[in-house]
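Please read the following report beside the sequence and the model.

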Amino acid sequence: MSDQDSAHDTSPIDPPASGASPTEERHEFGAEVGRLLDLVVHALYSEREIFLRELVANAADASDRRRFEALTDPARALPDGAAIRINPDKEARQLTITDDGTGMSRDELSRNLGTIARSGTRAFGRDITASLADAKPEDRPSLIGQFGVGFYAAFMVADRVEVISRRVGEPDAWKWSSEGQGSYTLAPATRDTAGTDIILHIKPDAEEFLEPYRLETIVRKWADHITWPITIRRDGQDTAANEGTALWRKSRSEVSEEQYTEFYQHLGHMFDKPWATLHWRAEGTLEFTALLFVPGMRPFEPVESTRESRVRLHVRRMFITDEAALLPPWLRFVQGVVDTEDLPLNVSREMLQATPVLARIRKAVTNRVITELRNKTKDAEAYAGFWENFGPVLKEGVWEDSEHRTEVAGLIRFLTSAPVAPDAGPGQNLASLSEYVSRMKPEQEAIYFLVGDSHDALASSPQLEGFRARGIEVLLLSDSVDAFWPERLDKFDDKPLRSVTQGLADLSKIPLDETDRPEGADIATLLPALKQALGAAVTDVRSTDRLVQSAVVLAASQSGPDLQLQRLMRRSGQKMPSSAPILEINPHHALIRGLAAKVGRGEPVDEVAHVLFDLARVQDGEVPAEPAAFARRVADALVAGLALPAQDI
C-alpha cells in the first residue's frame, strides 16, 4: 500500500482526541472529507468492483517505491517472492490485500489517509524525477496513483477499513482504522516485516467480493498486466491471478510473432492471426504506448452490432476502460491497447471524455492506423482480404469524418463495370478512386457510380448500357452505406462523383458507334402522351441516350436524392423528402418506335404507359406500383399479342 491517496497537507498530526485510550488515538478527518467520501462512493466510480483495482494499484505503487529506494539503499531491498496477496475470509466477512512495499509510519498514515486527496505517490514521483531524468522510459518507476482518492473506494464495499503498516527500515507497525464517517483511529500494531495489510470488513450487500472466482475475474479484467505477481487465497493455497507482463511495454524487437498472436487471441477472443500488427511508443510532449491489431477475419459478433471502438485504455499498465473511444467508429474493428502515463488513474468516464490529453491520443492513434492501412494497400491481394472483411465499415468514415474524409476515400476499393480477366487474382478486380481516375476517357468529366442491392443485379442493370457502349467505367456499390457517403465526398481528385441514376450523366461528348443501331423514332408527341397518362407517378418523361438494349429506365431528378437512397430509407421505415422519378425512354427501341407510331395514328397509350413504368421499376429491383393492375395489363398484352380467335378466349 502506498501513501498516495490523499491532498497535500503539511499540517502537524492532531493530538489524540479526548476520551481516546492511551494506545489508540482518535482523529477527525479534514473538513472536506465527508463531501469527498460521498463523491467517491456514489459518483466517481460507475462499478463497485473498481475498489479492488484501486487497492491493487496502491500496493503496486508501494512495491515500486521500495524497489527504487533499494537502488540507493540495499537494506530496503524487497524480500524474495514479493507479491500482492489477496485473501478472502467468508466466515469473518473480511477481505485482506497485502503487499511488501515501503509501508507507512504513524505520521504517514495520518498524513496520507487522514486527509483526502494527498498523493504520496505523486510527491515521490516528483522527488525522483531529477535523478532519473536521463533514464530510459522502461527504467523509470511507473507509479499508478496520481489522483488521490482511490483508497477511499474501499468504502463502496466495506463498512470499516483497517490498514496495518510498517515502514521499511523502522521497527514499529501502526494500525489506521475508520468507518468512513468523519474520523479515524491510530494505534500501535504488530507486523513482522515491512509492508501493508488492508483489511476490509465487507458490507452484507457486497459478499460477492469474498468469492475467489469473482476476485480473480476482477483482477484479470483490471490489473492483469501489473508487473507484480498477484495471488488469491483459494482452498488454503495462493494461486496466481494475473499475467504480470504488459506485452505492449516491451520494444517490438523483444516480442515474437507467436507472442503477438497469442496476445491478440487472448484480447479479442479470436482464433485467427492478426492481419496487421501496430506496436509503437510515442514520446515527447505526449507519451503513450500502443499495441493494436487489425483482425484477419470478421469477428463472430458483427461489427455492426455496436459502433463504438473497444480499444482498451490503460494508465500505467492498469486497465481503465474500453469505452474511451480511442478510435472513431469507422475503425471499430481495430483491437488492442493504448497505455499512457499522462492520464490520472482515478477519473470518471465523463471526466475522461473531456480530457485534452485523451483527444490528442485519439488523433495520434487514428493517424497511425490510417498510415498503416495506406501502406497495406500496396499489396493488392492482401488488401482485398481486408476489404472483404471490413470495407463497408471503413466507408462510414467518408460519410461522418470530415477531418479524414479524403484520406479514407483513398483507402476505399470498388468493383466496377469494367470486364475482368478470367485469370485475375484476388484484388485485381478491385479499383481505387485514383485508379479509376487514371482510366477515365479524355472526354469524361465525372466519376460515375451506381448503387444497388447486390453486385450481380448492378452488373446487369440497364442503367449501365449507355456507359458500357461508350467504354465508360462505372463504380458498382452494393453496401448499405453506399447510398450515403458519395454525397459527402462530392469529388475526388477534382472529379465530381455522379450517380448514373440522377440524370446528371452527360454522355453526348463521348460518341457512340451507331452503325448497327436502328434509327430513332420521332417521339415528340409520345413524350407528352406518356407523361399525361402517368400523371403524378413521374416528374417527367424524356428521351435518353443512356440505353442501348432496354426500352425504359428510371432516373432521379437532378435536385432529388439518389433512387437507391430513397428505396433504402423507405425500407427502413424512415421518411425523407423525395420527388417522383423521371421515366427515360430509348427512341431506338422497337417498342418505343411502335408506340410512337401508335400515338401518331391517334391511338391511346394509357395502359402501355403504366406497363412501361412498372417495367422500369422491376428493372431497378422494385415491385410494380400496383402489382395486381400490372399483372392484368401484362396478361391483356399477351392475349393481344397472341391474336387468339374469339372462341378460344
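## Strand pairing

Lys-495 in strand 19 is the bridge partner of Phe-492. Strand 18 and strand 19 (residues 495-499) run antiparallel and are joined by two bridges, where strands count as paired if DSSP finds at least two bridges between them. Helices (H or I, at least four residues) and strands (E, at least two) are DSSP runs, numbered from the N terminus.

## Basis of the model

This is a predicted model, in which local features need pLDDT of at least 70 and side-chain atom pairs count only at pLDDT 80 or more, whereas totals for chains, interfaces and linings use all residues. Residues are numbered from 1 along each chain as its sequence is written, and side-chain values use heavy atoms, with hydrogens and water left out.

## Salt bridges

Across the whole structure, a search finds 43 salt bridges, a salt bridge being a side-chain nitrogen of Lys or Arg within 4 Å of a carboxyl oxygen of Asp or Glu. One of them pairs Arg-48 with Asp-205, with the closest N and O atoms 3.3 Å apart. This pair links distant parts of the chain, 157 residues apart, since Arg-48 sits in the loop between helix 1 (33-44) and helix 2 (50-69) and Asp-205 in the loop between strand 7 (195-202) and helix 5 (212-222). Arg-48 is partly exposed at 29% relative accessibility, whereas Asp-205, at 51%, counts as exposed; buried means under 20% relative accessible area, exposed over 50%, and partly exposed in between (1.4 Å probe, protein chains only).

In another salt bridge, the closest N and O atoms of Glu-216 and Arg-234 are 2.6 Å apart. Glu-216 lies in helix 5 and Arg-234 in strand 8 (residues 230-234), so this pair ties together parts that are 18 residues apart in sequence. Glu-216 is partly exposed, with a relative accessible area of 21%, and Arg-234 is likewise partly exposed at 26%. Asp-238 and Arg-233 also meet through their side chains in a salt bridge (3.3 Å, N to O), with Asp-238 partly exposed at 41% and Arg-233 partly exposed at 33%. Salt bridges with shared partners join Glu-47, Glu-49, Glu-208, Arg-214 and Lys-221 into one network.

## Helix packing

Helix 15 (residues 526-534) packs against helix 18 (residues 606-619) at an angle of about 80°, their axes lying 9 Å apart. Axes are lines fitted to C-alpha atoms, for helices over the stretch in contact, and angles run from 0 to 180 degrees between N-to-C directions. Helix 15 is therefore roughly perpendicular to helix 18, a description that covers angles of 65 to 115 degrees.

On the helix 15 side, Leu-530, Ala-533 and Leu-534 meet Asp-606, Ala-609, His-610, Leu-612 and Phe-613 of helix 18, contact meaning heavy atoms within 4.5 Å. The residues of this contact comprise six nonpolar, one polar and one charged; Ala, Val, Leu, Ile, Met, Phe, Trp, Tyr, Cys and Pro count as nonpolar, Asp, Glu, Lys and Arg as charged, and the others, Gly among them, as polar.

## Positive phi angles

Ala-325, although not a glycine, has a positive phi of about 50°. Ala-325 is found in the loop between strand 13 (318-321) and strand 14 (335-340) and is partly exposed, with a relative accessible area of 31%.

Asp-490, a residue other than glycine, has a positive phi near 65°. Asp-490 lies in the loop between helix 14 (485-489) and strand 18, and at 43% relative accessibility Asp-490 counts as partly exposed.

Methods
Parallel < 35°, antiparallel > 145°, perpendicular 65-115°, else oblique.
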